[in-house]
Each structure stands twice: as C-alpha cells, then as structure tokens.
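Here are my notes for you, written as numbered points. Keep the structure open while you read, and find each spot as we get to it.

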Amino acid sequence: MGEKVVAGGFDLSDRHRYRRKLHECLEGLERLLAEKRFDRPKNMMGLEIELNLAGADGLPRMVNAQVLERIASPDFQTELGMFNLEVNVLPHRLGGRVFDRLAEELSAGLHYAHRQAAEIDAGVVMIGILPTITRADLALANLSAVDRYSLLNEQILMMRGEDFRLEIEGVERLSWSTGSIVPEAACTSVQLHLQVTPARFSDVWNAAQAVTAVQIAVGANSPFLFGRELWRESRPPLFTQATDTRPPELQAQGVRPRTWFGEKWVDSVYELFAENVRFFPSLLPICDEEEPLRVLAEGGVPSLQELVLHNGTVYRWNRPVYGVADGMPHLRVENRVLPAGPTVADVVANAAFYYGLVRTLADEQRPVWTRMPFAEAEANFDAACRYGIDARIRWPRRGRSGGLVSVPAVRLVLDELLPMAAAGLDAWGIEPADRDHYLGIIEERCRRRVNGATWQVDTYHRALAAGLDRDAALAATTRRYSELMHRGEPVHTWPVGLEEQEVDASAAVRR
C-alpha cells in the first residue's frame, strides 16, 4: 500500500481484469511454493512505527507534509492523517546486540524528526491514540494529500454505502457516526516483521496469533478517544469499525470484516492469501503490466503486484506478506498488534518479547495452537484490549492433564512466557545483555502492573482530582507523556501525575 497510486474511477472492466490478475497471482504463488523457489532462512526482522505530530499545547498538528519536507529522508513517510508520520527501520538480522542497535537507530531518527518538527511548532509523539484528538481533527479535510488515501476512502465508503458507526463501550461510552475512514488515522501502531520460510510460516503465524493477547496486555497504550476513557487498548475496536465495508445487513449475515483476527489456525501461507482473495472484494482494482504466469514460465520471479496490493487492504492483526528482494521471493509475518510507544526502550522491549516468544512457541513439539481452540485466542485478544495489564487469559494448563486455565496475564507472563521468550532469544543468538535488559523491562511492567495505558489513566485522574476539567486534564497528560517519552526511560519508571507547575499552568489557561 506504500506504492504510488493514481486517483481515478474504476469501471466494470477494471474490476474484471483485476479479478483475473488476482487469481493468476494466486496461482503464481502456489507454483512458487510447489517449486520451492523461496529465499533460504536469514533470520531477518524489520520494524515500522506510526507517529503523531502535536504542538507544545498537546494538541494535534496537521503538518506532516511540511515536517517530511524538512526531514528529507526516505525512512520517514506519510500516513493516513495529516498529523501522522511513519518511520521504517531497515531490516536487521536477529542475533548479537541487534536490539541495542535498533534502539540507537530509532532514538537517533526520532530525535532528528522531533527537531525538524519543532521548526514549525510541532513535535513527535509516539503513542497509540493521541488523547487530545477530537472529532473535528478527524475530518476529511485532514486526510493526507496522497492519492492512494483519497482513493481508498472513496472505495471503502462506496462499498459500505452509508456512514461508519463507531460504538465502543468501555469505562465510558463512545457513539459517533462519520462519513470517512479518517478516524482510522487516530490509531498509530508498531509493525514487527519476521522473514520465514514457507515450511515455517504456519507455525510462526499460529504462534503470533496465540500471543496477541499477551502482547496487548503488557503493551496497551491507547485508553482514550475523543475525551472518553474506553478500553485500555482502544485501537482494535476503532480500527475495525473505521474500516468496516459492511452495512448492518451484511454484518448480520456473518460477512467477515476487513479488519480481521481470522477464524482458524492455518497449515500454510497459501491458505491466508487464498482467504483474502475468496472473502474480500477488491478495493483498489489497479492492474500492473506484469503477467505473473508468463514471468514464471520464463524462469523469472513475479512481483505479484495485484495480490500484494489486495493483501494490503485486508487488515489482519497478523498479516502474511510476499516480497521480492535481490531477485529472490520471500515471505514475512507482519505483526500489527502493538500500539506505538511509550518510549524507544519500551518498543524494543515489546519487540524482543515477541520475537523470543514466537520462536519458542513455533519450535514446541506440542504447539499451543494444538491445545487451544482458535476462538479462545480471539477471546483472549478481546479481553486484553478491554482490560490491558489487568486482563485474564485462558491458556493451556501445564502438564499432561490438558485443558485450559484462566490466569492473570501478568502471572502467565512472569511464570511461563518470559522464560520462553528468553529461550527463544537464545535460539536466535541474542547476546545475554540484550536479552536480559529488554525482557527485564517486560518483567518490571508485570511486577508493577504498569504500562502506557495505566500511566495515562492514572495521570489523567490525578489531574481531574487536582481541579482540571476533562479537556485540560487530557492535554496536560499528553504534554507530560511527551516530555517523559523524549527522556527515554521505560514507562514503568515514570512518576504518575503532573508536576505542580503543570497543574497551575493548565488551571490558569482554563481561567
């Protein structure tokens, strides 16, 4: 979806040709798999982070084009909203001190972007949902000036045929209708990529699906939207509803949403691509000139552009990715579960926990997905989004007795999953210093029952108790969050609440 798309209308012949090309791409993928044409394992990982832009007042700033012009680096790109950016980290080989290197690169890149943004009275804030975002900020006029976003908005709205309805029942209730997909821009996430061989793909994808709940439980960072305290991780319900092409009648028929957890464990990567083609109509029927089956017949490697484009408009929380690098096709699992932030140290700790845990679970002789119904994994994900670090998770009981047990997420992580993650990082060849430092951040979050969401909520309520109104408390919380984020210490060490001068300043502004 990052490729340049030229805006324009589509007619029936465009959709017919695109469907034909999509099925040819799927056949091409099947042949590549059968012929074992994929790249050998290289233990490669990658990272993308979506960011917010906010002013010194904590309010969103619609200036991504101007900030990108000043940054002048291909590592930074636009995102859906004019208050968004995305930073992409070059692929790294898992091993050694890779997580320290990631932290250094991310810190340097974000500090540079923040300095450039400051030239136009903005700053970079790495957070799941900016607490100060309002309904007015998510108007169509604030969609980034990029053709593909306008076209995507037009096609999703046309397919739905009516306004989107946002309904989230959390600590408080949110109900709102909108005529565009722009509310999706409020959701900023971290995407973790892991290159895998076809033979390993299903094990890694199933493992990633199984651990989505614990990822959210320890990493939740999005408790507010439009001034309402909702779920501890409110991105998933917001993203699901803001991209839902189904009117109520199709929802009632059980048609699948485009933002999708899935419905079963899989045996191959082909299943996921085939499901995407079978279940979801095309949103952007733009055809490439390449004829994939002819390229294959001539001994070449097709780019499968139609399949790649279509795959980018099906928003699985763990997405299959096909790519070609240096003339060799490869596969990746893209984990899209985590919110951005709070700090670089927290992001890298979340990544270390994920890569280590997935490695161990994918290697198990009795994999967790053979001992847990898929529906339980989805229910766990839902519970973790609602309750964050206080969630309870249903997980296979240890020992031979079998069955599932309901356990606090923090207990499951501390007693069972952190040792698994450590073993997985050892298997990747990660240096013990890196392993212990970053998994230690996850351990301390669990021991203190603190993550980005709990810090935001606790600080906000203290601001209310100090006499600030709702909007002032959210703005003050955002400013304090941004200050501590840029200091870089992990969130479990942050002092809760506002400093006295911040309360006084916010109260003065209100008066």
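1. Axes are lines fitted to C-alpha atoms, for helices over the stretch in contact, and the angles run from 0 to 180 degrees between N-to-C directions. Helices (H or I, at least four residues) and strands (E, at least two) are DSSP runs, numbered from the N terminus.

2. A word on the source. This is a predicted model, where local features need pLDDT of at least 70 and side-chain atom pairs count only at pLDDT 80 or more, while totals for chains, interfaces and linings use all residues. Residues are numbered from 1 along each chain as its sequence is written, and side-chain values use heavy atoms, with hydrogens and water left out.

3. Now the helix pair. At what angle do α6 and α12 pack? The angle between α6 (residues 212-219) and α12 (residues 344-363) is about 160°, and their axes are 11 Å apart. The two helices are therefore roughly antiparallel to each other.

4. Sorted by type, the contact residues are five nonpolar, three polar and no charged. For that sorting, Ala, Val, Leu, Ile, Met, Phe, Trp, Tyr, Cys and Pro count as nonpolar, Asp, Glu, Lys and Arg as charged, and the others, Gly among them, as polar.

5. Next, have a look at N64, in helix α2 (residues 64-71). Is N64 buried or exposed? With 4% relative accessibility, N64 counts as buried (buried means under 20% relative accessible area, exposed over 50%, partly exposed in between, with a 1.4 Å probe and protein chains only). Its side chain makes a polar contact of 2.9 Å with the side chain of S144. A polar contact is a pair of N or O atoms within 3.5 Å; within protein, one must be able to donate a hydrogen and the other to accept it, and residues adjacent in sequence count only if both atoms are side-chain atoms.

6. R316 sits in strand β11 (residues 315-316) and is buried, at a relative accessible area of 1%. Which side chain does R316 join in a polar contact? That of E275, at 2.8 Å. Beyond four places in sequence, the residues in contact with R316 include W205, W260 and R336.

7. R232 is in the loop between β9 (228-229) and α7 (235-242), and its relative accessible area of 19% makes it buried. Along the chain, R232 and G452 are 220 residues apart, yet their C-alpha atoms are separated by 9.2 Å.

8. Finally, some backbone details. N43 has a positive phi of about 55° although it is not a glycine, and at 31% relative accessibility N43 is partly exposed. D326, in the loop between β12 (318-325) and β13, also isn't a glycine and has a positive phi, near 55°; D326 is exposed, at 81%. Lastly, the peptide bond from G341 to P342 is cis, with omega near -5°.

Terms used:
Parallel < 35°, antiparallel > 145°, perpendicular 65-115°, else oblique. Contact = heavy atoms within 4.5 Å.
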